[in-house]
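Here's a quick briefing to read with the structure open beside you. Take it one topic at a time and look for each part as you go.

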Amino acid sequence: MVTFVISLLALIAGYFFYGRFVERVFGPDPKRITPAISRADGVDYIVLPGWKIFMIQFLNIAGTGPIFGAIMGMWFGTSAYLWIVFGCIFAGAVHDYLSGMLSLHHRGCGLPGLVGYYLGWRVKNVMLVFSVLLLLMVGAVFVYSPAIILKNIWGSEIMWIVAIFIYYIIATMLPVDKIIGKIYPLFAFSLIFMALALMVGLFIRQPDLPEIWDGMQNLGAEKFGRTAPIFPALFITIACGAISGFHATQSPLMARCMKNEMQGRPIFYGSMITEGIIALIWATISSYFFYADGWKEVCSPEVVNAFTSQSDKTLVQFFSAPQVVMNICNGWLGVFGGILALLGVVAAPITSGDTALRSARLIIAEFLKLPQKAIKNRLYISIPMFICCIILLGWQISNPDGFNTIWSYFGWSNQSLAVFTLWTVTAFLARSGKNFIVTMVPALFMVWVCTTYILVAPEGFNIQGPFPYLVGVVVALSCLLYFLHWKNKRGNMLSDRRKRHWEKLEHAAK
């Protein structure tokens with residue numbers, strides 16, 4: 001528990017100290033007119049209260065990521081604490097804040113547009129396809145996973161898939177303040193309240209848990225026979241609780257609703273720190289569940305008797321992340337906890353899924369230069385997008401391992417998207433004469449992680465030995481050398497065409 005307390009205090013301190021430092025690096029201007037005012041359309045560009053934007057942003061980026069990812073990440077051992085803390089403070093929160101603020105400066109521009117402006121239009125076209133595919137995968141995954149849970153309560157899987165998808169269509173099409181602005185804060189409050197209630201439960205029980213100084217070896221390999229290496233698997237498994245490229249597709253949604261640039265740090269940096277705290281709590285609970293025999297306390301006597309005589313290796317096979325959540329919440333919080341758990345593992349992914357599709361609609365609309373105020377324009381984009389999502393969902397259902405396959409590729413794609421976002425923000429900082437080190441270092445680290453992972457992972461090239469790690473280092477160093485060369489030659493220049501384009505937009509905004 002000592003490691004947990006230190007980590008918790010570190011995250012809070014990170015917001016007040018490093019978050020303020022990053023804010024000074026960017027330099028928000030409270031007098032600058034925001035897109036919510038200059039481009040108000042009553043659909044996507046609407047001024048909302050700051051507290052409501054925070055709640056929506058938190059729920060948009062959270063989903064089940066800080067819960068499921070943290071539970072699975074703790075299977076690797078206490079090193080998960082370090083990644084959540086340092087990843088969140090120095091990578092994830094910086095990534096979210098600067099990408100959100102950059103969108104705010106560019107009239108609410110989506111991620112592909114920002115990438116195109118700072119890294120070139122060819123990269124933008126790649127990112128356009130990459131982002132839309134990632135968002136469609138999010139929509140498909142977050143339809144299927146809640147349906148699996150809900151069918152065990154009432155109804156059938158297909159019934160819930162249809163119901164959730166109908167909700168997706170409605171939420172994607174309607175103005176942001178009609179559904180998202182009204183119900184998201186409630187779900188966000190439920191997710192935060194559940195985590196805080198469970199943190200109180202941890203302090204009451206004071207379980208004897210593995211600490212960092214006990215060793216950061218792969219505890220999952222020793223106890224559960226999980227042989228995936230800590231590096232790079234841990235850094236892909238715990239994504240939303242440390243850093244996630246998906247967040248950069250969601251931040252523009254809220255950048256279009258902000259009234260003042262000074263709201264940026266609490267909304268973007270603060271939401272990521274809050275998500276890191278949620279991940280930290282669930283990582284500690286997972287440690288209690290698996291390493292301190294907490295499962296014997298919260299599970300039914302029948303389950304305890306069935307597993308007492310068996311190997312520990314069967315625990316991870318039987319208790320998936322959603323089952324850990326349900327058992328802990330029911331065991332510690334009773335019926336009320338069960339309701340909160342339902343909101344956590346069902347409502348959270350559904351709300352992330354609908355904003356993912358909304359973000360995809362806006363990215364495509366931005367590429368086509370098609371205003372979204374008229375409902376017919378929203379339909380032109382949404383209908384083909386929903387058809388693609390249904391096809392992807394059908395493939396997922398028809399394949400026995402479809403969900404795990406899509407989720408594996410989503411995990412790697414998600415972190416790869418973070419790489420592109422970090423380099424985009426790094427290019428912005430370099431061109432603006434600002435401190436680009438704050439994003440260049442995490443960008444290089446994530447290049448190393450993503451390159452190594454795709455080489456060693458079973459769903460990738462499945463190469464064993466030191467070769468993948470050396471390749472990862474070489475690719476990261478190559479990126480560093482290219483960036484330094486680019487900065488010396490072109491970093492302080494923008495093409496005249498792009499300058500004229502954005503100066504025209506800025507003039508129109510004023």
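The protein has 23 helices and zero strands; both are DSSP runs, numbered from the N terminus, with helices being H or I of at least four residues and strands being E of at least two. This is a predicted model, where local features need pLDDT of at least 70, side-chain atom pairs count only at pLDDT 80 or more, and totals for chains, interfaces and linings use all residues. Residues are numbered from 1 along each chain as its sequence is written, and side-chain values use heavy atoms, leaving out hydrogens and water.

**The whole protein**
- Of the 510 residues, 59% are buried, meaning under 20% relative accessible area with a 1.4 Å probe, protein chains only.
- Take the contacts with a separation of 6 or more: 82% of them link residues 24 or more positions apart, where contact means heavy atoms within 4.5 Å.

**Helix 10 against helix 14**
- Helix 10 covers residues 180-205 and helix 14 covers residues 264-291; their axes come within 10 Å and cross at roughly 45°.
- Those axes are lines fitted to C-alpha atoms over the stretch in contact, and angles run from 0 to 180 degrees between N-to-C directions.
- The two helices are therefore oblique to each other; angles under 35 degrees count as roughly parallel, over 145 as roughly antiparallel, 65 to 115 as roughly perpendicular and the rest as oblique.
- On the helix 10 side, the residues that meet helix 14 include Leu191, Leu198 and Arg205, and their partners in helix 14 include Ile278, Trp282 and Tyr288.
- Sorted by class, this contact has 12 nonpolar, two polar and one charged residues; Ala, Val, Leu, Ile, Met, Phe, Trp, Tyr, Cys and Pro count as nonpolar, Asp, Glu, Lys and Arg as charged, and the others, Gly among them, as polar.

**Helix 13 against helix 14**
- Helix 13 (residues 246-255) also meets helix 14, with axes that come within 11 Å and cross at roughly 135°.
- That angle makes helix 13 oblique to helix 14.
- Here His247, Ser251, Met254 and Ala255 of helix 13 touch Phe268, Met272 and Glu275 of helix 14.
- By class, you get four nonpolar, two polar and one charged residues in this contact.

**A look at threonine 351**
- You'll find threonine 351 in helix 18, which spans residues 321-368.
- Threonine 351 is buried, with a relative accessible area of 1%.
- Leaving aside neighbours within four places in sequence, threonine 351 is in contact with Leu59, Asn60, Tyr184 and Phe187.
- Threonine 351 and tyrosine 184 sit 167 residues apart in sequence, yet 7.5 Å apart in space, C-alpha to C-alpha.

Technical notes: Buried means under 20% relative accessible area, exposed over 50%, partly exposed in between (1.4 Å probe, protein chains only).
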